[in-house]
Structures are given as C-alpha cells and as structure tokens.
Amino acid sequence: MSTLDSLNLTRIPADDEALRAEVRAFLSDAMRDVPAHIRAKSWSGYDPAFSRELGRRGWLGITLPAQYGGGGRNAFTRFVLVEEFLNFGAPVGSHWIADRQSGPLILKYGTEAQKQFYLPPICRGESFFCIGMSEPNSGSDLASVKTRATKTDTGWSLSGQKIWTTNAHHCQYMIALVRTSGDAQDRHKGLSQVIVDLSLPGVTVRPITDLSGDSHFCEVFFDNVQLQDDALIGAEGQGWEQVTAELAFERSGPERLYSSIVLFDQWLAFIRTPQGRTPEAVRLAGKIASQLTPLRAMSVAITEKLTRGESPVVEAALVKDLGTGVEQLIPAAIADDLFSRESQDMPLELLQTLNYVTQVAPSYSLRGGTRDILRGMIARGLGLR
C-alpha cells in the first residue's frame with residue numbers, strides 16, 4: 001500500500017458546508033464593485049481593513065481554540081472559507097500566511113506564553129506573518145539554509161538573508177528557518193525556527209518588483225539582529241520536522257487550485273455568450289473542469305487527514321504539484337483560445353485579467369516549493385527513490 005492509497009473520497013461535513021451561504025452573501029456584497037483584474041490579485045491583495053472585518057466575523061483563526069480567540073472549528077470549515085475567498089477574489093494577502101500556517105504552527109509547537117501573545121491578534125486580523133524559508137543559492141532546498149541564529153547570554157543573534165518572502169514589507173513578524181548548530185553540509189540537523197519581529201534593529205526588507213508591477217515578493221536581510229530567548233519556537237534542532245509539518249498546511253488547500261479561478265470564471269462568462277461560444281471553447285472548459293474536480297477531491301481528502309491531526313506531507317506535495325500545473329494551464333489555454341479567433345470583439349476586462357494572470361502564473365510553481373523538490377518528495381514517498 002502506497003502513501004496515496006490512504007486518500008479516501010471525502011465529503012465536507014454538513015455543519016461546515018452550512019457556512020458557505022453566509023460567506024457567499026458577504027463576499028457578493030463586499031466584492032460587487034471590484035473589477036476582475038483586481039480580484040485576480042487575491043493572493044497578494046493587501047487590505048488590512050478587510051482582514052479585520054473577517055476577524056470581527058470570526059472567520060480568521062477558525063481552527064484555533066476559543067481560548068486564544070479562535071473559532072474552535074476544524075480544517076473543513078477553513079476549507080469552505082478559503083474556497084469562497086478565492087472564488088470571489090477577496091484580498092487575503094494581509095492575513096493569509098498567519099491564518100493558514102503561522103497560527104497553527106505556534107499552536108502546535110509554541111509555549112503557552114507564545115500562544116497567548118501571538119494567536120489572539122492573528123484571529124482579530126491585526127497581526128500578519130511571513131515565512132522565512134528560501135535563501136539565495138538555495139531556493140526550495142531548505143536543508144541548505146545558511147542564515148544562522150547564535151546563542152547569546154540573553155537570547156539569539158541572527159544574521160543572514162531570506163528571499164522570495166511574500167508580503168514581508170507588510171508584516172510584523174516572520175517565522176524563519178535558521179541554523180542554530182552545524183553547517184549547511186549537515187542538511188537536516190541543527191535547524192530551528194525562530195519568530196522574528198521585523199521592526200527590530202538590523203532587519204532590512206526590500207520588495208522585489210515582478211513582471212506585473214506588483215511587489216509582493218521581498219528579500220530580507222538580518223544583520224546581527226538580537227532576539228530574546230523566547231524567539232525560539234519548538235525545540236532547538238527540530239526545525240526540519242516542524243517546517244515540513246507546516247508545509248503540509250501550505251501545499252494542500254484550495255489555494256493550490258484556484259489562483260487562476262477569477263480568470264476562468266470571466267472566460268466562462270464570455271463563452272456563454274453567443275459571440276464567445278465555440279465548440280473548441282466548450283471542450284476546453286470541460287478539460288479544465290475535469291482536471292480541477294479530482295484535484296479538489298484530493299484536497300478535501302487531505303483536509304480530512306489534517307482534521308485527524310496527521311501530517312500528509314507527500315499527499316500535499318502531490319496536490320501542490322498537480323494543482324499549480326492546472327493553475328498555469330488556465331491562462332495559457334485561454335490565451336490560445338482567445339487569440340485564435342477571427343473576431344477580436346472580446347471584453348476588455350477579460351483581456352486585462354488574462355494579462356495579469358499570465359504575468360504572475362510562472363510564480364505558481366515556485367511558491368511553496370518548486371516542481372523538482374516536490375517531485376523528489378513524491379518519489380521518495382512512493383518508494384521510487
């Protein structure tokens with residue numbers, strides 16, 4: 001029996017599914033006047049006021065215990081929320097990482113003091129986190145990180161650099177994977193995670209402008225940054241185990257399927273019109289839907305594992321790899337369809353949305369782990385290497 005044999009067809013429980021209507025009603029109103037090419041930026045949409053409103057409604061930290069300000073519900077509830085946020089193109093970039101993985105990581109590995117300090121403002125949509133994993137000349141090979149935290153009399157001295165850090169310029173905190181002993185040749189040994197207050201002296205954050213003109217990726221420099229002793233999260237030297245558990249949250253959810261969904265919906269609306277409908281377009285719509293449907297089923301099955309407290313690392317890697325492939329297929333295939341037509345009578349908003357998604361789509365297979373790294377993990381999980 002392979003790792004993937006454990007994925008069972010799963011339905012979202014009725015109690016969790018019941019939340020969908022309320023969320024849709026709110027988003028239908030909140031996003032009514034936002035054009036599609038802006039909604040397509042959902043992942044990177046920075047809107048702290050929107051995040052605070054979600055927190056006020058109890059829709060952030062939904063899986064965290066009530067004693068820390070959370071909703072005390074399960075991963076299925078969050079699946080419903082995230083699926084609707086992305087389908088409507090809601091601006092989730094502010095709270096995205098804190099809600100998805102930083103909060104659950106702190107809940108699992110943090111001290112009681114860390115939980116009391118960090119989790120309530122995450123649930124209120126007031127505290128934003130970024131992830132310090134990738135480094136120059138390392139990419140997704142996380143075991144080769146060189147950023148180092150050295151023990152001092154009062155805590156830790158942090159020096160090094162992180163890159164491709166999403167929304168670091170808008171965040172108060174980073175959870176960084178660093179080396180606390182040994183060197184890069186030791187691979188998984190000697191790695192730890194620390195929480196870094198990005199306002200500390202010695203921290204420099206530089207946004208990186210991409211092809212679309214956005215600057216949601218950043219590089220972050222640490223020059224002898226002094227951290228308190230309680231900056232360490234979890235056990236020293238257990239960073240690799242902790243970060244792989246964290247990545248199961250990052251790689252398995254709807255966010256790995258729906259990055260291009262606003263574009264897909266805009267195009268579907270066009271091909272439902274007399275001028276937009278062609279046999280080729282209808283076949284293409286079926287092709288895309290037939291790929292999204294089983295991937296969503298896999299994502300729901302992994303969510304069921306998460307509700308049982310499991311860490312489905314290999315299964316999550318598979319969903320991420322296949323999901324980003326479909327996300328990248330959507331703009332490429334839609335462009336082929338639109339620009340193969342004789343008529344150039346197409347909605348401007350559709351073309352603007354296509355332009356944006358085409359520019360950012362190459363990043364889909366970089367963020368959260370590159371294809372080469374993910375496929376190596378999958379091969380090992382299946383016993384192929």
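**Entry 1**

I began with Arg-73, which is partly exposed at a relative accessible area of 32%; buried means under 20%, exposed over 50%, and partly exposed in between (1.4 Å probe, protein chains only). This is a predicted model, so I kept to its limits: local features need pLDDT of at least 70, side-chain atom pairs count only at pLDDT 80 or more, and totals for chains, interfaces and linings use all residues. Side-chain values use heavy atoms, with hydrogens and water left out, and residues are numbered from 1 along each chain as its sequence is written.

Which residue does Arg-73 form a salt bridge with? I found Asp-16, with the closest N and O atoms 3.5 Å apart; a salt bridge here is a side-chain nitrogen of Lys or Arg within 4 Å of a carboxyl oxygen of Asp or Glu. The two are 57 residues apart: Arg-73 is in the loop between α4 (48–56) and α5 (75–88), Asp-16 in helix α1 (residues 14–17). Helices (H or I, at least four residues) and strands (E, at least two) are DSSP runs, numbered from the N terminus. Asp-16 is buried, at 3% relative accessibility.

**Entry 1: Glu-83 and Arg-296**

Next I looked up Glu-83, whose side chain meets that of Arg-296 in a salt bridge (2.6 Å, N to O). This pair joins helix α5 to helix α10 (residues 279–307) across 213 residues. Glu-83 is buried at 3% relative accessible area, while Arg-296 is partly exposed at 28%. I then saw that both belong to a network of salt bridges that also includes Glu-17, Arg-20, Arg-24 and Glu-84.

**Entry 2: Glu-255 and Arg-100**

Glu-255 is in the loop between α8 (239–252) and α9 (261–271), and Arg-100 is in helix α6 (residues 96–109), 155 residues away. For the whole structure I noted 20 salt bridges.

**Entry 3: Cavities**

Helices α9 and α12 (348–360) each supply at least two lining residues.
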